[in-house]
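This briefing goes through selected features of one structure, grouped by topic. Please keep the sequence and the coordinates open while reading.

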There are 2 protein chains.
Amino acid sequence: MSQVEFRTSPAQYRHWRLDVDGPVATLTMDVDAQGGLVPGYELKLNSYDLGVDIELYDAVQRLRFEHPEVKAVVLTSGKEKVFCAGANIRMLAASGHAWKVNFCKFTNETRNGIEDATENSGQAYLAALNGTASGGGYELALACDTILLIDDRSSVVSLPELPLLGVLPGTGGLTRVTDKRHVRRDLADYFATKAEGIGGKKAVGWRLVDEVVPRVRWQEVVAERARGCAETARRLPGGPAIELTPLRKTVSTAWAGALAADQVTWEISYPHVSAAVDADRGVAEITVTGPSADAPASMAGAYAQGAAFWPLAVARELDDLILDLRTNQPGVGTWVLKTAGDASRVLCHDQLLIANYDSDWLAREIVLYVKRTLKRLDVTSRSLIALVEPGSCFAGSLLELALAADRSYMLFGVFEPDDPDEPDAGGPRATPAAVTVGPMNLGPLPMGNGLTRLATRFIGDPDALAAAQKAAGEPLGAEDAERLGLVTFAPDDIDWADEVRMAVEERASFSPDALTGLEANYRFAGPETMETKIFGRLTAWQNWIFCRPNASGPDGALRAYGTGKRAGFDRKRV
Amino acid sequence: MSQVEFRTSPAQYRHWRLDVDGPVATLTMDVDAQGGLVPGYELKLNSYDLGVDIELYDAVQRLRFEHPEVKAVVLTSGKEKVFCAGANIRMLAASGHAWKVNFCKFTNETRNGIEDATENSGQAYLAALNGTASGGGYELALACDTILLIDDRSSVVSLPELPLLGVLPGTGGLTRVTDKRHVRRDLADYFATKAEGIGGKKAVGWRLVDEVVPRVRWQEVVAERARGCAETARRLPGGPAIELTPLRKTVSTAWAGALAADQVTWEISYPHVSAAVDADRGVAEITVTGPSADAPASMAGAYAQGAAFWPLAVARELDDLILDLRTNQPGVGTWVLKTAGDASRVLCHDQLLIANYDSDWLAREIVLYVKRTLKRLDVTSRSLIALVEPGSCFAGSLLELALAADRSYMLFGVFEPDDPDEPDAGGPRATPAAVTVGPMNLGPLPMGNGLTRLATRFIGDPDALAAAQKAAGEPLGAEDAERLGLVTFAPDDIDWADEVRMAVEERASFSPDALTGLEANYRFAGPETMETKIFGRLTAWQNWIFCRPNASGPDGALRAYGTGKRAGFDRKRV
């Protein structure tokens with residue numbers, strides 16, 4: 001398969017229309033059946049594949065940055081009698097396990113982003129089901145704050161995955177039915193075993209939808225409810241829209257980073273983010289560069305910089321890189337995270353955003369976007385190792401990269417000037433590295449579990465958490481950072497190269513599946529939320545079911561679907 | 001494989017010694033290497049299989065009922081230099097997927113039971129690691145409140161599953177390391193990738209153990225710490241020990257229940273619990289019979305009845321039945337739950353226990369045992385369908401069976417006297433069924449998520465919860481029970497047989513794996529706890545890893561272990 005590209009724009013959409021009318025936007029799903037990302041299937045009945053969801057993700061992002069006036073988004077279908085039939089079954093049946101799982105992860109993240117817009121950004125989503133919403137189609141509706149269903153005696157909502165395909169709804173449906181919509185668990189059980197779905201008053205009575213609306217009043221009621229949402233949604237005031245200009249991205253084979261040049265297969269680079277990929281060893285070295293100047297004195301300066309404003313630019317680049325590597329480089333199992341630049345400039349950009357978080361929509365949108373991008377890292381099935389070296393700027397928002405890592409190494413002292421690994425002995429790398437806790441580490445960027453990365457790190461150890469918080473604002477050398485538990489190990493120049501090399505090589509020698517499971521458990525200490533349940537409990541069960549013979553074996557339900565043959569099950573319960 | 005038997009007693013133990021010395025008991029693991037449950041492996045180095053864990057479970061139960069004077073339990077090893085090497089690897093490698101998963105589930109439940117004893121029963125467990133504790137051995141220690149490790153320059157604790165076997169620690173290790181012992185996640189990551197383990201001061205500094213003790217002072221310090229635990233543990237006062245006399249259990253082919261006789265393969269019966277198994281259709285019909293008399297006027301009467309006291313007898317029988325069916329009948333995927341008897345007698349037994357829960361150790365032990373048995377039902381990978389018929393006694397503690405079910409049917413009215421399905425038209429079945437909410441439904445029997453089954457059922461719907469609570473004490477007919485959301489459906493005699501038959505047959509037609517995943521998600525709405533994370537997140541990932549080629553394929557790590565061959569991994573991350 002060719003490389004999947006996540007960059008797109010409304011002018012390129014094949015499957016969605018975005019119409020804005022004052023405070024109400026309408027996002028219309030009208031999937032081009034011939035527009036599949038990969039040949040071999042038709043996207044009938046508004047079913048979707050990754051390509052359809054990439055456009056949805058783009059639209060959701062643009063609604064936040066390019067449409068500050070929009071307070072309500074109506075999600076509806078351009079087809080007659082069908083809202084959305086969910087993920088395309090033939091696409092799923094033809095896809096490998098890793099593809100399916102990665103696809104579900106991305107669709108989950110987009111749906112969580114819709115909920116984030118509703119909850120934190122004053123942009124409420126309303127699902128206007130003008131036809132049947134089944135499987136992933138209903139799960140998309142579940143991500144919206146309000147669900148209206150047309151009452152035409154045939155349109156229903158359904159989760160037919162279990163009875164028809166022998167798998168689970170894969171994008172949060174089971175969790176949201178009980179934990180968000182509070183459908184009683186026994187009714188939810190019945191619902192998820194009835195392929196034909198539920199509509200009309202019963203759908204309202206069971207809380208599967210909020211309202212059913214007769215066909216004759218459909219347009220009018222949807223418009224009315226959308227206006228109502230827009231009136232109560234609280235979007236912050238602020239300056240003009242920010243255009244999300246095309247991301248500059250190059251892929252080349254030249255590279256002069258810390259990995260020896262002959263190990264690098266290629267480099268992906270953006271203005272502030274780059275990744276050197278060593279495909280043989282399965283390692284990507286990702287470097288995030290700090291701002292080249294101080295932050296503007298006020299948000300007015302940020303508006304003037306637009307999409308080039310450093311925090312926004314970095315979030316976009318990192319977001320695209322994570323998606324690119326996750327989707328296109330499944331064999332690259334370890335990501336080494338580095339930063340380069342001036343910590344004080346990172347912190348003053350952080351400060352500008354935090355000072356305006358409660359009053360300016362753009363400041364808030366950027367912080368929320370950084371939050372979502374870091375969450376993407378948390379659920380990425382790659383080992384994350386942060387390297388804190390002289391010349392780095394792990395401070396505030398960028399310190400989160402080290403806190404998101406499974407493990408971190410911080411150099412004690414500097415690289416010796418005659419160290420052959422050290423190309424730049426006279427520059428900023430002549431000063432020992434420091435990490436700095438800042439206000440961005442103390443609240444605005446929570447993980448999916450609702451806690452900050454610091455609070456998760458020090459779960460059950462309030463003294464350690466308080467000590468780390470108290471150190472906020474001070475650049476901390478390796479000894480202090482290790483003592484405070486902000487980094488894992490602090491070797492000196494003599495041990496550095498060996499320790500780091502061994503950590504990376506060792507990681508590549510372990511079972512990739514076991515690492516995925518280990519990381520998915522360790523990264524989410526403490527409380528679970530709907531979001532972590534979706535990525536943890538639900539996804540893990542789905543992954544297991546996907547690779548069992550009852551689903552994907554020769555007689556499995558996924559293979560049997562549509563053939564007229566009945567699936568053959570091994571009836572033993574596990 | 002022959003049927004696994006869960007009933008045992010100290011006189012039959014091959015692997016454990018139980019010594020009681022006043023308030024301190026010592027449970028010594030000394031596994032008979034030749035005593036495996038199944039031929040084909042040797043239980044070297046105190047490694048264990050299901051047979052070893054069945055004895056441990058029995059000992060833990062007897063400590064609670066037969067040793068009311070014991071306030072501290074020292075868990076240690078009878079071997080030199082080794083505490084426990086965890087689950088036997090050759091046993092795991094030779095076992096099928098379903099066996100491995102069921103084995104892990106039972107060991108998890110026993111470890112949760114140890115924590116329940118420490119937390120709720122005033123019996124604190126202290127792990128005295130007189131040698132290395134690796135894998136499941138260390139996980140057993142993690143279930144204890146305090147971990148002492150001998151400091152002999154060789155003994156360590158370790159979780160070598162990932163580096164050596166390409167799987168995860170399967171009995172809660174990953175969850176307890178971070179969420180219980182509060183080991184920092186990056187240190188936990190390092191620990192779980194180091195096959196050689198960690199001992200000495202570093203093990204204390206990282207919180208992996210509480211204390212390391214020099215060999216010369218070992219006996220003395222262990223005894224001192226155990227005395228300390230016993231002094232602070234708060235066990236309730238009460239009457240004499242209750243002997244857990246051998247359970248009476250028969251297996252026969254005769255049966256006269258509601259399933260047609262020719263459908264029944266065999267019947268398992270105890271004095272108060274029976275199960276008619278239809279192996280062809282994959283259904284077991286489980287009937288729990290209420291007390292044959294009112295409860296004694298005080299706990300003195302309960303002490304006099306001993307193990308025959310109805311609530312204790314029922315808990316023991318149901319516990320054994322669940323374990324038996326889970327382990328020996330994996331193809332029986334649907335359990336139909338019924339009760340028979342007098343609801344008021346159930347409620348007066350409940351009342352006696354609740355009135356004495358805070359003052360009498362036996363009352364508390366029985367309630368806690370009922371709680372654990374119901375939790376076993378919650379994590380059982382079988383579809384549970386409750387049938388509420390005339391003559392049943394779904395009240396209080398027995399109503400929990402219906403609330404634990406995935407779905408429930410309650411007959412509206414009675415069976416017509418001329419109904420051929422109705423063998424007993426003139427008896428108690430001539431009166432319509434009722435269900436009764438009682439005090440046992442309102443707190444003492446929480447699920448693993450920390451909520452009552454009622455609160456989980458009505459999560460996010462405080463009005464419905466309040467209405468159900470307000471109805472406590474009233475026998476509720478089908479109409480009221482359905483309106484209050486206590487049962488799922490309330491068909492009348494005309495529809496009953498068809499609806500119930502269809503529900504059961506439909507269940508048997510679905511993918512057993514997808515049902516397991518569905519149920520594991522729906523049953524645990526609301527908050528997650530360490531316990532639900534172990535059964536949900538951790539177990540699901542482990543199950544996935546177990547059945548991936550990287551673990552169990554021809555070149556997988558589980559197969560390669562011990563052969564000197566390196567495992568061959570597909571390096572793609574999923």
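In which loop of chain A does A:Glu389 lie? A:Glu389 lies in the loop between β17 (383-388) and β18 (394-395) of chain A. The model is predicted: local features need pLDDT of at least 70, side-chain atom pairs count only at pLDDT 80 or more, and totals for chains, interfaces and linings use all residues. Residues are numbered from 1 along each chain as its sequence is written, chains are lettered from A and ligands numbered from 1 in the order in which they are written, and side-chain values use heavy atoms, with hydrogens and water left out. Helices (H or I, at least four residues) and strands (E, at least two) are DSSP runs, numbered from the N terminus.

- A:Glu389 is buried, with a relative accessible area of 7%; buried means under 20%, exposed over 50% and partly exposed in between (1.4 Å probe, protein chains only).
- Leaving aside neighbours within four places in sequence, A:Glu389 is in contact (heavy atoms within 4.5 Å) with A:Lys338, A:Phe415, A:Arg429, A:Ala433 and A:Trp496.

**Aromatic pairs**

- Over all chains, the structure holds 22 aromatic pairs. Rings of Phe, Tyr and Trp (its six-membered ring) pair if their centres lie within 6.5 Å; planes under 30 degrees apart count as stacked, over 60 as edge-to-face and the rest as tilted.
- The ring centres of A:Tyr303 and A:Trp361 are 6.4 Å apart and the planes stand at 65 degrees, so this pair is edge-to-face.
- That pair links distant parts of the chain, 58 residues apart: A:Tyr303 is in helix α10 (residues 299-305) of chain A and A:Trp361 in helix α13 (residues 361-378) of chain A.
- Both partners are buried: A:Tyr303 has a relative accessible area of 13%, and A:Trp361 is at 2%.
- A:Phe415 and A:Trp496, each in contact with A:Glu389, also form an edge-to-face pair, with 6.0 Å centre to centre and 75 degrees between the planes.
- A:Phe415 sits in the loop between β19 (407-410) and β20 (435-436) of chain A, while A:Trp496 belongs to helix α18 (residues 493-509) of chain A, 81 residues apart.
- A:Phe415 is buried at 8% relative accessible area, and A:Trp496 is buried at 6%.
- Ring pairs also join residues of both chains into a cluster of A:Tyr190, A:Trp206, B:Tyr409 and B:Phe489.

**Charges over rings in chain B**

- A charge sits over a ring if NZ of Lys or CZ of Arg is within 6 Å of the ring centre and within 35 degrees of the ring normal.
- B:Arg364 lies over the face of B:Tyr357, 4.5 Å from the ring centre.
- B:Arg376 has its charged end over the ring of B:Tyr57, at 4.9 Å from the centre.

**A sheet of chain B**

- An open sheet of 7 strands has the order β12-β13-β14-β15-β16-β17-β18 (chain B), with mixed pairing; two strands pair if DSSP finds at least two bridges between them.
- β12 (250-252) and β18 (407-410) of chain B are at the edges with a single partner strand each, so one side of each has no neighbour in the sheet.
- Neighbouring strands of this sheet are turned by 20 degrees against each other on average, direction ignored.
- β12(B) and β13 (residues 266-269) of chain B run antiparallel and are joined by 3 bridges, and B:Ser252 stands opposite B:Glu267 in β13(B).
- Helix α11 (residues 310-328) of chain B packs on the sheet, touching β13, β14 (273-278), β15 (283-289) and β16 (334-340) of chain B, and its direction makes about 170 degrees with that of β15(B). Axes are lines fitted to C-alpha atoms, for helices over the stretch in contact, and angles run from 0 to 180 degrees between N-to-C directions.

**Helix α11 of chain A**

- Helix α11 (residues 310-328) of chain A has 19 residues and reaches 26 Å from its first C-alpha to its last, close to the 27 Å expected at 1.5 Å a residue (1.5 Å times one less than the number of residues).
- In α11(A), 19 of the 19 residues are buried, so the helix is largely enclosed by the rest of the structure.

**Positive phi in chain B**

- Most residues other than glycine have a negative phi.
- B:Lys81 has a positive phi, near 65 degrees; B:Lys81 is in strand β5 (residues 81-84) of chain B and is partly exposed at 46% relative accessible area.
- B:His182 has a positive phi, near 60 degrees; B:His182 is in the loop between α6 (173-180) and α7 (185-193) of chain B and is partly exposed at 23%.
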